[in-house]
Amino acid sequence: MTSIFFEDEEITENDLYFLCYMIERVARKIHQKNRYVVNQIPKEEWLRLISLADVLHSENPDKIEDEWIRDYELQLGEFDVLSVDSELVKTIPTQTQMGKVYMRLIIDTLQPGENYVDGMIRVYNNELCETLDNYNCGAYYEPSYFIARAYINGGF
């Protein structure tokens, strides 16, 4: 995949990771599921954002959160991914950790001819995300190849 601004500039896995990390941050801040954030931002914007990711990653993440919420009119919801059973969960995964989980899943299941943005939209709209985002079950801690196999097989 190449940048929409410069044809000779390749989009990297780090650019994809940055988007996954920011999706997680924004979703947690507005109490929505990741799928909501992904679907509220048009594909053309995702292509623009991933093309700018190498620059945006040096910005203050709080600023980017606020810009996405404002610019894409993201609404406050009632889903709190951090609301867990304290007897089952001692440590909640960070936005960084979950960004890596989703980045690896997208890369591991990328279809022939599919770019990172299409893969991102496909993965975040899959039912497996309900399990990954349920921190009471710990599926997010599984090795990336196991998560990818669960995705391909339709569940854990």
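User: Which residues does Tyr-135 touch, not counting residues up to four places away in sequence?

Analyst: Let's start with the ground rules. This is a predicted model, where local features need pLDDT of at least 70, side-chain atom pairs count only at pLDDT 80 or more, and totals for chains, interfaces and linings use all residues. Residues are numbered from 1 along each chain as its sequence is written, and side-chain values use heavy atoms, with hydrogens and water left out. Contact means heavy atoms within 4.5 Å. By that rule, Tyr-135 touches Glu-24, Arg-28, Val-81, Leu-82, Val-84, Val-89, Ile-92, Pro-93, Met-98 and Tyr-140.

User: Where does Tyr-135 lie, and is Tyr-135 buried or exposed?

Analyst: Helices are DSSP runs (H or I, at least four residues), as are strands (E, at least two), numbered from the N terminus. Tyr-135 lies in the loop between α7 (128-132) and α8 (144-153). Buried means under 20% relative accessible area, exposed means over 50%, and partly exposed is in between (1.4 Å probe, protein chains only). Tyr-135 counts as buried because its relative accessible area is 2%. Along the chain, Tyr-135 and Val-81 are 54 residues apart, yet their C-alpha atoms are 7.4 Å apart in space.

User: What joins the side chains of Tyr-135 and Glu-24?

Analyst: A polar contact is a pair of N or O atoms within 3.5 Å; within protein, one must be able to donate a hydrogen and the other to accept it, and residues adjacent in sequence count only if both atoms are side-chain atoms. Here the polar contact between the two side chains is 3.1 Å.

User: Which backbone oxygen lies 3.0 Å from a polar atom of the side chain of Gln-32?

Analyst: That is the backbone oxygen of Gln-75. Gln-32 sits in the loop between α1 and α2 (34-40), and Gln-32 is buried because its relative accessibility is 18%.

User: Where is Pro-42, and how is Pro-42 classed by its relative accessible area?

Analyst: Pro-42 is in the loop between α2 and α3 (43-56). With a relative accessible area of 40%, Pro-42 is partly exposed.

User: Which residues of α3 are buried, and what do they pack against?

Analyst: An α-helix has 3.6 residues a turn, so residues three or four places apart point the same way. In α3, the buried residues are Trp-46, Leu-47, Leu-49, Ile-50, Ser-51, Ala-53 and Leu-56. They pack against α1, α2, α4 (61-71) and α6 (116-124).
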